[in-house]
Amino acid sequence: MFLPMLTHSPLPVRLNVLRAILTEITVLEKRSQPVQTRAQLHKLLEKRRNTCKAAAEEFQKAGREDLVSKENEQIDVLQEYMDDSPSLSTDETVLAIQNLIRWMQTKGSNPNPKSDKKALRYLFQEGGALHGKMVDKSLVSRTFERLVNELPPWDPSMRTQNSYEQHGGREQAGQVTVSR
């Protein structure tokens, strides 16, 4: 039988963590919210880790060092699995958001940080630049707002392809790419 062994964690601790994760995945599937992407799995691991941290703090307050060490071992195992998951770099996230903003501008829209946060859903939908990627959605939202606020005043003439080309971008097959 093969179990992924990332470090020297005791087998029963690792086994208990894996069983708990599988149980949570099964429960989510029965609630019609199956874990289908790495990002969803990472979020599940993070939630489980935070639960273990909260339990460890409570056990610490109660003076139960035996249970604190048990929770800390589980946190270590969960952290190993989370560290093993690739995440999107900040630069890649910013580039995806910049591409969305440029695409919105070419379509004649003046991006607004308050009303256009709905547009961010296109990044996370199937086929979107951030679909299935492990990225902090609040970071994406804050970055979108910051980038939109840094835009120069709206100039409707940017709608034309030629003026858009002059600003460093080009549109191909419905996706905006940035010239480097």
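Which element gives the largest share of the lining of the largest pocket?

1. Basis of the note. This is a predicted model, in which local features need pLDDT of at least 70 and side-chain atom pairs count only at pLDDT 80 or more, while totals for chains, interfaces and linings use all residues. Residues are numbered from 1 along each chain as its sequence is written, and side-chain values use heavy atoms, with hydrogens and water left out.

2. Overall fold. The chain holds seven helices and two strands, where helices (H or I, at least four residues) and strands (E, at least two) are DSSP runs numbered from the N terminus. Their order along the sequence is α-α-α-α-α-α-α-β-β. Of the 180 residues, 32% are buried, a word that stands for under 20% relative accessible area, with exposed meaning over 50% and partly exposed the range in between (1.4 Å probe, protein chains only). The chain exposes about 11800 Å², of which carbon and sulfur atoms supply 51%; such areas come from the Shrake-Rupley method with a 1.4 Å probe, and for residues only the protein chains shown count as cover. With contact taken as heavy atoms within 4.5 Å, 61% of the contacts between residues at least 6 apart in sequence join residues at least 24 apart.

3. The largest nonpolar core and α4. A nonpolar core is a set of buried Ala, Val, Leu, Ile, Met, Phe, Trp, Tyr and Cys residues joined through side-chain atoms within 4.5 Å. The largest one has 16 residues, and Ile97, Leu100, Leu123, Leu130, Val140 and Phe144 are those that touch the most other members. Two or more residues of this core come from each of α4 (90-106) and α6, and α4 provides the largest share, six residues. Leu100, leaving aside neighbours within four places in sequence, is in contact with Ala119, Leu120, Leu123 and Phe144. The buried residues of α4 include Thr93, Val94, Asn99 and Gln105 as well as Ile97 and Leu100. The geometry of α4 agrees with expectation, because its 17 residues should span 24 Å at 1.5 Å a residue and its end C-alpha atoms are 24 Å apart; the expected span is 1.5 Å times one less than the number of residues. Just after α4, Gly108 takes a positive phi of about 90°.

4. Helix α3. For helix α3 (residues 65-83), the 19 residues should span 27 Å at 1.5 Å a residue, and the end C-alpha atoms are 26 Å apart, which agrees. The buried residues of α3, among them Val68, Glu71, Ile75, Leu78 and Tyr81, pack against α1 (11-30) and α2 (38-62).

5. The largest pocket. A pocket is found on a 1 Å grid over the protein atoms alone, as an open set of points where a 1.4 Å probe fits, with protein on both sides within 12 Å along at least five of seven lines, and lining residues have an atom within 4 Å of a point. The largest pocket contains about 860 Å³ of space, the volume being that filled by probe spheres set on grid points joined across faces, edges and corners. Its lining comprises 31 residues, with Ala39, Gln40, Lys43, Leu44 and Lys137 lying nearest the centre. The elements giving two or more residues to this lining are α1, α2, α4 and α6, and the largest share, seven residues, comes from α2. Ala39 is placed in helix α2 and, neighbours within four places in sequence aside, is in contact with Gly132, Lys133 and Met134.

6. Helix α6. Thr143 is found in helix α6 (residues 137-149) and counts as buried because its relative accessible area is 7%. Not counting residues up to four places away in sequence, Thr143 touches Val94 and Ile97. Leu139 is also in helix α6, yet counts as partly exposed at 28% relative accessibility.

7. A backbone point to check. Ser32 lies in the loop between α1 and α2 and has a phi near 60°, a positive value in a residue other than glycine. Most residues other than glycine have a negative phi. Ser32 counts as exposed, because its relative accessibility is 62%.
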